[in-house]
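Let's take a friendly walk through this model together. Please have the sequence and the 3D view open as you read.

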Amino acid sequence: MNTEQIAKTLVNESFHSRRLFVALFVVVNFVALAAGFFWPKSYTSSTSILVDDKNVIEPLMLGAAVAIDVAGRGKNAREVIFSRKIMGGVLEQGGWMKDRPSAVEQEEFIEQIKKRTTLSNAPGGGKAIINIDYRDNQPQRAYLVTKAFADLFIAEVVAEKKMEILAAFEFIDKQAQEYQHKLAIAEGELRQLRASNLDVRPGGEVELSARLTALNTRIENAILELREAEMKRASLEREVNGEAKVSVLATREGQFRARIAELQAKLDMLRLSFYDTHPDIVQLKNQIQDLRAEAGVQRERLEKAKPSERMDPDETVVNNPVYQQLRRELSQNQLTIDSLKSRIAEAQRLLREEVNRSKDPDGGDARLAELTRDYQINRDIYQDLLRRRERARVSMNLDSDSLGLTLKILEPAAPSPRASGPRFWQFVLGGLALGILVPLGLLYSRMQFDPRVRMASAISQRHGVPVAAIVPHLWSQEALIGLRKELAILALVVAATFALSATLSVVRFLGVL
Amino acid sequence: MSKIEKALKRARDERGNLQVVPAAAAGGRIVPWTALLGQQIELPETISRMGGNEGKLLSADALREQGIIHPQHTEEPVVQVFRELRTKIIQQSQGQNAVILVAAVSKGNGGSFIARNLGAAFAFDSAKTALLVDCNLRNPSVHQLLPNASLPGLADYFENPEIDVSKIIHPVGIARFRAISTGEFREIPAEYFVSMKMRRLMESLRERYSDRFIILDGPPMSDIADARILSELSDYVLVVARHGRTTNTKIESGLSAISHKKLLGIVFNDEPQIPWIR
């Protein structure tokens, strides 16, 4: 089945079902005309709002000020625009509130407005364009409502933004003040502690332990020294006991004995070479004899003197120097020992004091550490808050100078003088076209779905049998006359339909109807 | 100008004066040609070899009212179609006469219309004659062409052994065109078709004149038994399917009844064409 065959068959079928064809044509045209007449006129007004979250000021103020994420707002523009607040404003602007509608009626109006409003988003490159289209059967109202939508939306977003920044600033400010107060208290406490506890210093714990260590070392050293001194004293005492108080170096007896010994030695020498009769020897013997006598006398004298213990000063008695020396050292040593002992006692006292102080829970050091910590934390937070507050202040200034404002009306709403939607002539033309297409489509579908054969070629294809002949309808003269009449009437009907369409188009164009 | 051409011209001139009886034509019914007697009618010019009695010939317009083509309707595409169909059959039979069964797929597909017009087309040719045999016993129609519906037909031939074949062949008002009606059957005698007598009748009809083409106006193919028997008696079969009346299923079941060797093809009848657009 090629296209040409189908077309030919369609023409034949149309002729065959001509009455149905014309009837459908007329009906479709009438429906189209009626639709064109009663189609509600609508006027569409549209506006677009540019939402830009990448403006010039942002990179400059990076870190110092925070721009509100307007693009995010663009995304939920639908919620904002259809919010009760804005819709209320729109109702006001659009003149719906003149008749003082009830709450239910207002709700209905809002629903209708929502249905007639089209919101579309065209995001891209950090920018977003919100298109608001609104259609109404009154051109002026369409314009007013669209304008109200754009204005109220921007006002709402800006106000919200302002409020947000202000709230943020106030919050930070409040916090900063609170921390300032806390800081002041911490400072006061710290000062008071310092005043009451002069020796406390920051880092007391470490110093204390250093001091303790130093004291311990000192004590140990002193004890060692003490031991040493005591040992030395013992040794000295022993030495002193063993030594004579005085030493007799040149007693007469002694001198005599020494002379005797000397002479004896000389005698022994001489005897080696001489006889005892030798004068020298004899002389020597005499001398020794004399000396021994002398020595005896001396000894007797000494022994007589002994019980009185009185030394004869005249005697050659002298004080022992070693003894003297030892006595001196001993007394020196005693001095050392005494001083060491007192040093140890002093150091131990200090140590006790230190230990006692560190054991005290209300001791100044722990308190100081705590207060210092509080102070430092408060100070850090306070400084941070101060920085933030300044940033918030800059953001607020930015906003009040409208530099951070990234919403603007790209294309303002304009009253549309012409109704949008299909025009009447479009209905007329559509009716004419559909008036032909609908019957053709029906005929075609009948060809497709009706099991009865309407194409000779379909038979030969289906059954593999040649078509011997295609016999057209044989018209009698009478029938031809009837057909002519019928066709004339049908043509008249079609022409009347055309005429009606044309007339109505003209009438409509001239604005009579 | 030859004698024949002169005669044709005269006939055409005379036809201009012809008046069709309005009452008969009004209903679109097929009018017995006798109703048109008394009017000026074209006279037979060629010699009939079928006994010479052509009866009164009907005019082209009168035939048209009966739904029968005429060579003078040159502007009718139907005429051209039947001429071509006729030529096709003659080519197929290689000049020999033949028995052609024309059977509709189902009732109302116009089998009789095709059969009688095919006969008329054969009769166009002065060297050929046509005989239409009404084999549609349940719904006969050929008798409408005859001047008198009660003329003897096939039934009389089968029931009366005395009767001669020539007695049941009647002229229909068209030159070189005869017809055999069913006659008046008292019962449904489908068995007649299988009888030897029927076979002999066919042979005698065929062999009597070598230029006579016999067209059997068969029953619808929904009547499978009759269609099959008649297709066996015939040389060629034409199946008639009418536009918008027949489903493929019916065509298929009809085709299954006949031998495809004999099948000449399908005649697609009554295609809607806008008459003035050729």
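What follows starts with chain B, moves to the sheet and ends with a helix of chain A.

Keep in mind that this is a predicted model. Chain B contains 10 helices and seven strands, and of its 278 residues, 45% are buried. If you look at the contacts in chain B with a separation of 6 or more, 76% of them join residues 24 or more positions apart.

Eight strands make up an open sheet with mixed pairing, running in the order 7(A)-7(B)-6(B)-1(B)-5(B)-2(B)-4(B)-3(B). At its edges sit strand 7 (467–472) of chain A and strand 3 (170–171) of chain B, each of which pairs on one side only. Further in, strand 1 (residues 99–104) of chain B pairs with strand 5 (residues 212–217) of chain B in the parallel sense, over four bridges.

Finally, turn to helix 1 (residues 3–16) of chain A, which has 14 residues and reaches 19 Å from its first C-alpha to its last, close to the 20 Å expected. Its buried residues are A:T9, A:N12, A:E13 and A:H16. Seen down the axis of helix 1 of chain A, these buried residues fall within an arc of 100°, so they line one face of the helix. They pack against helix 14 (424–449) of chain A together with strand 7 (263–271) of chain B. The face of helix 1 of chain A turned away from the buried side carries the exposed residues A:T3, A:E4 and A:A7.

Notes: Residues are numbered from 1 along each chain as its sequence is written. Chains are lettered from A and ligands numbered from 1 in the order in which they are written. This is a predicted model: local features need pLDDT of at least 70, side-chain atom pairs count only at pLDDT 80 or more; totals for chains, interfaces and linings use all residues. Helices (H or I, at least four residues) and strands (E, at least two) are DSSP runs, numbered from the N terminus. A residue is buried if 20 or more other C-beta atoms lie within 10 Å of its own, exposed if 12 or fewer, and partly exposed in between; C-beta atoms are placed from the backbone. Two residues are in contact if their C-beta atoms, placed from the backbone, lie within 7 Å. Two strands pair if DSSP finds at least two bridges between them. The expected span of a helix is 1.5 Å times one less than its number of residues. The arc is that of the directions from the helix axis to the C-beta atoms.
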